[in-house]
Protein chains: 2
Amino acid sequence: MSKIRRVEVLKHILESNEQIAASLKALWSKNQTFVVNLLSSPGSGKTTLLEATLPHLKDRYRVAVLEGDLETERDAERIHALGIETVQITTGGTCHLEAHMVKQGWEVLNDKDRMDFLFVENVGNLVCPASFDLGEHLRVVLLSVPEGDDKPAKYPVAFRSAQALVITKIDLLPYFDFDLDRVKEEALAIQPNLQIFEVSAKTGEGIRDWVAYLEAVRARLFDRPSP
Amino acid sequence: MSKIRRVEVLKHILESNEQIAASLKALWSKNQTFVVNLLSSPGSGKTTLLEATLPHLKDRYRVAVLEGDLETERDAERIHALGIETVQITTGGTCHLEAHMVKQGWEVLNDKDRMDFLFVENVGNLVCPASFDLGEHLRVVLLSVPEGDDKPAKYPVAFRSAQALVITKIDLLPYFDFDLDRVKEEALAIQPNLQIFEVSAKTGEGIRDWVAYLEAVRARLFDRPSP
């Protein structure tokens, strides 16, 4: 398997983010590459969720990951260790991924036109990434139990723009004053169509439902049954 | 020839952030108002740290708090419940506080020219607030145990620009694979002068040292003994 590749993004000023995102989405849809944008605060468990998810997909699908970070290649190394093709996108300080960065990352994938799933892990930031369409088919916001149950109302843009909410680290519920019902109620008030999952990457709870959802949405979108 | 580039200016265009921050700092220094800017991811415990800190100060000092949030007044309500004058700055989507926002918040305080301590709780975001000087005397970055010990290297700007690091929720250390020595080492590699505190607002551990530090820095800065 190839090494992790690194993309240091250049400034893109010729096309708007919306234009690039739209053309990426058209291309990915044509290729039947289902693209998932993962968005959360630092430390909510985006990489850990991927580590728990990818083993369920990688033997049946062609899967790749683009890792967005301000600095370091640590997350990419964790995913690469699973035998998944990974590209590190280092933003060098920019607080979110933009479509041109994702395009540059996707272009260096070995088999870019034949991927079934492409996961994009955004920069850890619950605010800014929510404003940038990356051309993804599914936007997922993560909220970890230790962050607190007041976050949907305080950071509404991220929740409003997502199709799924994954509540992570639910094995920690006994140690926190975290009201699951409150979170669900507030999140659904912001985005009534939100699909909500409760998972623990540590115990494995909820992971199979989450994986089944990803497969089902992909199959529905591309109008063909799961393999 | 390149296309015309777009600059999305925020509301304040007459003076730069640096100019406003510098004039605020001069004014606060003259008034001997010690201003502390608290910066972290959502859910690291900024409001909770203030709830644990303010009772130690409020009987001996004139203290006020400016609460920065995208939406809601929940944090301001929590601080106000302690009997502390609090102003809510709702950014309406902007991912960080800027000096002109802080100026507007400070100006509505009842006793703005006679404050000893002014705490500014920034928007929950470990990236963008680090780039905006608010005129503060002390910048404090918080990192909670559940966020993970890899954060200083991944979000270096916040750690580099701070004078103090408060590691919060240390009562949770038994439940997480969080290496305190690693965090300290990485944070000090980024910012060698960082003062590091380990606290638990829940058990009270470390709070007195942290409060003593705030008082000492203030006293040293304004060249007079603590009252």
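## Exercises on a predicted two-chain model

B:Lys169 sits in the loop between strand 6 (164-168) and helix 7 (180-190) of chain B. The model is predicted.

**Exercise 1. Classify B:Lys169: is this residue buried or exposed?**

Solution. 
- Start with the backbone. B:Lys169 is not a glycine, yet has a positive phi of about 60°.
- Count neighbours. B:Lys169 has 28 C-beta neighbours inside 10 Å.
- Apply the cut-off. A residue is buried if 20 or more other C-beta atoms lie within 10 Å of its own.
- Conclude. B:Lys169 therefore counts as buried.

**Exercise 2. Describe the fold of chain A: how many helices and strands does chain A have?**

Solution. 
- Count elements. Chain A holds eight helices and eight strands.
- Take the extents. The C-alpha trace of chain A spans about 45 × 40 × 35 Å along its principal axes.
- Of the 227 residues in chain A, 49% are buried.
- Among contacts in chain A with a separation of 6 or more, 76% join residues 24 or more positions apart.

**Exercise 3. Describe the packing of helix 1 against helix 4 in chain B.**

Solution. 
- Two packed helices are described by the angle and the distance between their axes.
- Read them off. The axes of helix 1 (residues 17-31) and helix 4 (residues 99-107) of chain B come within 8 Å and cross at roughly 35°.
- Name the residues. From helix 1 of chain B come B:Asn17, B:Ile20, B:Ala21 and B:Leu24. They meet B:Ala99, B:His100, B:Val102 and B:Lys103 in helix 4 of chain B.
- Sort by class. This contact has five nonpolar, two polar and one charged residue.

**Exercise 4. Which element gives the largest share of the side of chain A that touches chain B?**

Solution. 
- Size the contact. Chain A gives 31 residues and chain B gives 32 residues.
- Helix 5 (151-154) and helix 6 (156-160) of chain A are the elements that give two or more residues to the chain A side.
- Pick one. Helix 5 of chain A gives the largest share, three residues.
- Sort by class. The chain A side has 16 nonpolar, eight polar and seven charged residues.

Methods
Residues are numbered from 1 along each chain as its sequence is written. Chains are lettered from A and ligands numbered from 1 in the order in which they are written. This is a predicted model: local features need pLDDT of at least 70, side-chain atom pairs count only at pLDDT 80 or more; totals for chains, interfaces and linings use all residues. Two residues are in contact if their C-beta atoms, placed from the backbone, lie within 7 Å. Helices (H or I, at least four residues) and strands (E, at least two) are DSSP runs, numbered from the N terminus. Ala, Val, Leu, Ile, Met, Phe, Trp, Tyr, Cys and Pro count as nonpolar, Asp, Glu, Lys and Arg as charged, and the others, Gly among them, as polar. A residue is buried if 20 or more other C-beta atoms lie within 10 Å of its own, exposed if 12 or fewer, and partly exposed in between; C-beta atoms are placed from the backbone. Axes are lines fitted to C-alpha atoms, for helices over the stretch in contact, and angles run from 0 to 180 degrees between N-to-C directions.
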